[in-house]
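Me: I am new to this structure and would like a friendly walk through it. Could you show it to me, and then take my questions in turn?

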Amino acid sequence: MSASDLHFDGEFPIVIEGLTNAFGDFVVHDEIDLKVRRGEILGVVGGSGTGKSVLMRSIIGLQIPRCGSIEVFGQDIVAAEPDEVIGVRNRWGVLFQGGALFSTLTVGENVQVPLKQFYPELEPVLLDEIARYKTVMTGLPAEAASKYPSELSGGMKKRAGLARALALDPELLFLDEPTAGLDPIGAANFDELTRELTDTLGLTVFLITHDLDTLYAICDRVAVLADKKVIGVGTIPELLQSDHPWIQEYFNGPRARAAVASRDRGNRAKGMDKHSDREA
């Protein structure tokens, strides 16, 4: 089932221009400009308090900016009336920090929430079938659909939240710190799942993270928030050409070097596996 008969074929499904967010006198973003390319995984990084989540909330309409424009699929969602963006909202999915599951609903019922909102005519049998399919798609066993969030591990909750985010077959996927709180193996598995789903489903992913392993492993480009602006957007090698102190400290620090070493080991291991397969 498709969330919409329309499919965006432009270059930039998200275009932000002159975006200013403020809480009273405290300015979080000062005339931010950012374009997200279709089909990419864009990592969004920045220090604490730089407004990474605020930026995401602005794009999905949960934070009203002071000024500026946000175009999603070519429609300005800031200037539009609420009922005018319904056809846009059902073309994105959101995984909030921690999964944000409804604790009184099973995993399957959580997945059905957006389906019931946008497709109230669907029969219960079909809703159950879709919920199980989305649950399995994210790597959970089919029986997880009947479990409550309290019965799940942290990693399983993330995957359940991802299943709900994918319920409407979105074109855009927003992930807010998806690997936070996961052990290294769980985080790596979630990264691999994200990359696989992006390539298979043709998603565009807006991914907020502080995880350097994630940035090096799956992000096509990275946007850096600092000084109330987007101070750089590009691949990590391109960002390293910047002399901004935060970028240099973040991407050249010991944790960044460890992430590079981990990525290189993974690439060598994959190369050895391919070599063994050819010999076999």
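Below are some questions about this structure, each with its reply.

Reply: Before we start, this is a predicted model, in which local features need pLDDT of at least 70 and side-chain atom pairs count only at pLDDT 80 or more, while totals for chains, interfaces and linings use all residues. Residues are numbered from 1 along each chain as its sequence is written, and side-chain values use heavy atoms, with hydrogens and water left out.

Me: How many helices and strands are there in the chain?
Reply: Helices (H or I, at least four residues) and strands (E, at least two) are DSSP runs, numbered from the N terminus. Counted that way, the chain has 10 helices and 10 strands.

Me: What percentage of the residues of the chain count as buried?
Reply: Buried means under 20% relative accessible area, exposed over 50%, and partly exposed in between (1.4 Å probe, protein chains only). The chain has 280 residues, and the buried share is 48%.

Me: Is leucine 127 buried or exposed?
Reply: Leucine 127 sits in helix α4, residues 124-137. Contact means heavy atoms within 4.5 Å, and, not counting residues up to four places away in sequence, leucine 127 touches Gln112, Leu115, Lys116 and Leu122. Because its relative accessibility is 6%, leucine 127 counts as buried.

Me: Which helices are included in what covers the buried residues of α3?
Reply: Helix α3 spans residues 107-118, and its buried residues include Val107, Gly108 and Leu115. The cover over the buried residues of α3 includes α4 and α5 (154-165).

Me: Which strand does threonine 20 lie in?
Reply: Threonine 20 has 7% relative accessibility, so it counts as buried. Leaving aside neighbours within four places in sequence, its contacts include Val27, His29, Pro65 and Cys67. Its own place is in strand β1 (residues 14-23).

Me: How many residues apart in sequence are the parts that glutamate 40 and arginine 221 tie together?
Reply: A salt bridge is a side-chain nitrogen of Lys or Arg within 4 Å of a carboxyl oxygen of Asp or Glu. Glutamate 40 forms one with arginine 221, with the closest N and O atoms 2.8 Å apart. Glutamate 40 lies in the loop between β2 and β3 (41-46) and arginine 221 in strand β9 (residues 221-226), so the parts tied together are apart in sequence by 181 residues.

Me: Which residue forms a salt bridge with arginine 91?
Reply: Arginine 91 is buried, with a relative accessible area of 6%. The closest N and O atoms of the pair are 2.9 Å apart, and the partner of arginine 91 is glutamate 171.

Me: Which residues are linked with Arg195 in a network of salt bridges?
Reply: The side chains of arginine 195 and aspartate 220 meet in a salt bridge (3.4 Å, N to O). This pair links distant parts of the chain, with arginine 195 in helix α6 and aspartate 220 in the loop between α7 (212-218) and β9. The network joins Arg195 with Asp199 and Asp220.

Me: Where is glutamate 177, which has a positive phi?
Reply: Phi of glutamate 177 is near 50°, a positive value in a residue other than glycine. At 10% relative accessibility, glutamate 177 counts as buried. Its place is in the loop between β7 (172-176) and α6 (184-201).
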